[in-house]
Amino acid sequence: MAVKADYYSPEVSAVKLKYYQGLEEKQQRYFLCQEYRCLGKGSQRYLAMLYKCSRNRITRGCVELAALSAGDVQVDYSRQRKIGGGAKKKK
């Protein structure tokens, strides 16, 4: 399936990409969700191509924002990853 390439002009997409790269991981997901909501159905593939991320990342951001809107979760921007995640240290 072809990707519609005329959602944004080249100038606008360059500015948005620079802004996106300056965000932290969680903020990037929320930003992607907001862009997806603004552009509407069918724009997920375009956004994934433009921002070089997976479509699952956009979906995850939308799920997280829906939970925030419902008041189920509070945002904590102080940490990026779960405690204890990643490779374990060798003894």
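Just after helix H4, Gly-71 takes a positive phi of about 85°. Helices here are DSSP runs of H or I with at least four residues, numbered from the N terminus. The model is predicted: local features need pLDDT of at least 70, side-chain atom pairs count only at pLDDT 80 or more, and totals for chains, interfaces and linings use all residues. Residues are numbered from 1 along each chain as its sequence is written, and side-chain values use heavy atoms, with hydrogens and water left out.

Now step back into H4 itself. It covers residues 55-70, and its 16 residues should span 22 Å at 1.5 Å a residue. That expected span is 1.5 Å times one less than the number of residues. The end C-alpha atoms lie 23 Å apart, which agrees.

Which residues of H4 are buried? They are Ile-58, Gly-61, Cys-62, Glu-64 and Leu-65. Buried means under 20% relative accessible area, exposed over 50%, and partly exposed in between (1.4 Å probe, protein chains only). The face turned away carries exposed Asn-56, Val-63 and Ala-70. The buried residues of H4 pack against H2 and H3.

Next, the core. The largest nonpolar core has 12 residues, including Ile-58, Phe-31, Leu-32 and Tyr-51. Such a core is a set of buried Ala, Val, Leu, Ile, Met, Phe, Trp, Tyr and Cys residues joined through side-chain atoms within 4.5 Å. Helices H2 (25-39) and H3 (44-51) are the elements giving two or more residues to this core. H3 gives the most, with 5 residues.

How values were computed
Contact means heavy atoms within 4.5 Å.
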